[in-house]
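Biologist: Can you walk me through this one? I'd like to start with the terms.

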Amino acid sequence: PEDDELKSLLREAIPAQQERLKKLKKELGKEKLGNVTVEMAIGGMRGIPGLLWETSLLDEVEGIRFRGKSIPELQKELPSA
């Protein structure tokens with residue numbers, strides 16, 4: 001069914017993304033993105049970028065956004081379980 005189709009699509013897509021991230025880490029892994037204090041890390045990542053992924057963004061104040069939408073926005077749009 002639909003689950004099998006999704007799993008098949010993921011099986012095809014994931015290896016390429018894993019390789020892309022391995023290459024990025026190998027080529028740029030030692031590059032600095034900014035300065036981070038212990039206080040920032042303990043404070044819930046406020047004020048610092050905390051995640052790299054094409055479909056999501058970890059905003060230091062709002063929290064995570066998926067394809068530009070917050071969790072509350074998605075909860076309004078998605079069907080309930």
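Modeller: Buried means under 20% relative accessible area, exposed over 50%, and partly exposed in between (1.4 Å probe, protein chains only). By that scale Lys69 is partly exposed, with a relative accessible area of 30%. This is a predicted model, where local features need pLDDT of at least 70 and side-chain atom pairs count only at pLDDT 80 or more, while totals for chains, interfaces and linings use all residues. Residues are numbered from 1 along each chain as its sequence is written, and side-chain values use heavy atoms, with hydrogens and water left out.

Biologist: Which residue forms a salt bridge with Lys69?

Modeller: Glu77, with the closest N and O atoms 2.8 Å apart. A salt bridge here is a side-chain nitrogen of Lys or Arg within 4 Å of a carboxyl oxygen of Asp or Glu.

Biologist: How many salt bridges does the structure hold?

Modeller: Three. Another one joins Arg65 to Glu73, at 3.3 Å between the closest N and O atoms.

Biologist: Is Arg65 buried or exposed?

Modeller: Buried, because its relative accessible area is 17%. Glu73 is partly exposed at 36%.

Biologist: Switching to strands. What is the bridge partner of Arg65 in S3?

Modeller: Ser70. S2 (residues 63-66) is also joined to S1 (residues 56-59) by four bridges, and these two run antiparallel. Strands are DSSP runs (E, at least two residues), numbered from the N terminus, and two strands pair if DSSP finds at least two bridges between them.

Biologist: And how many residues are in the hairpin between S1 and S2?

Modeller: Three residues join S1 to S2 there.
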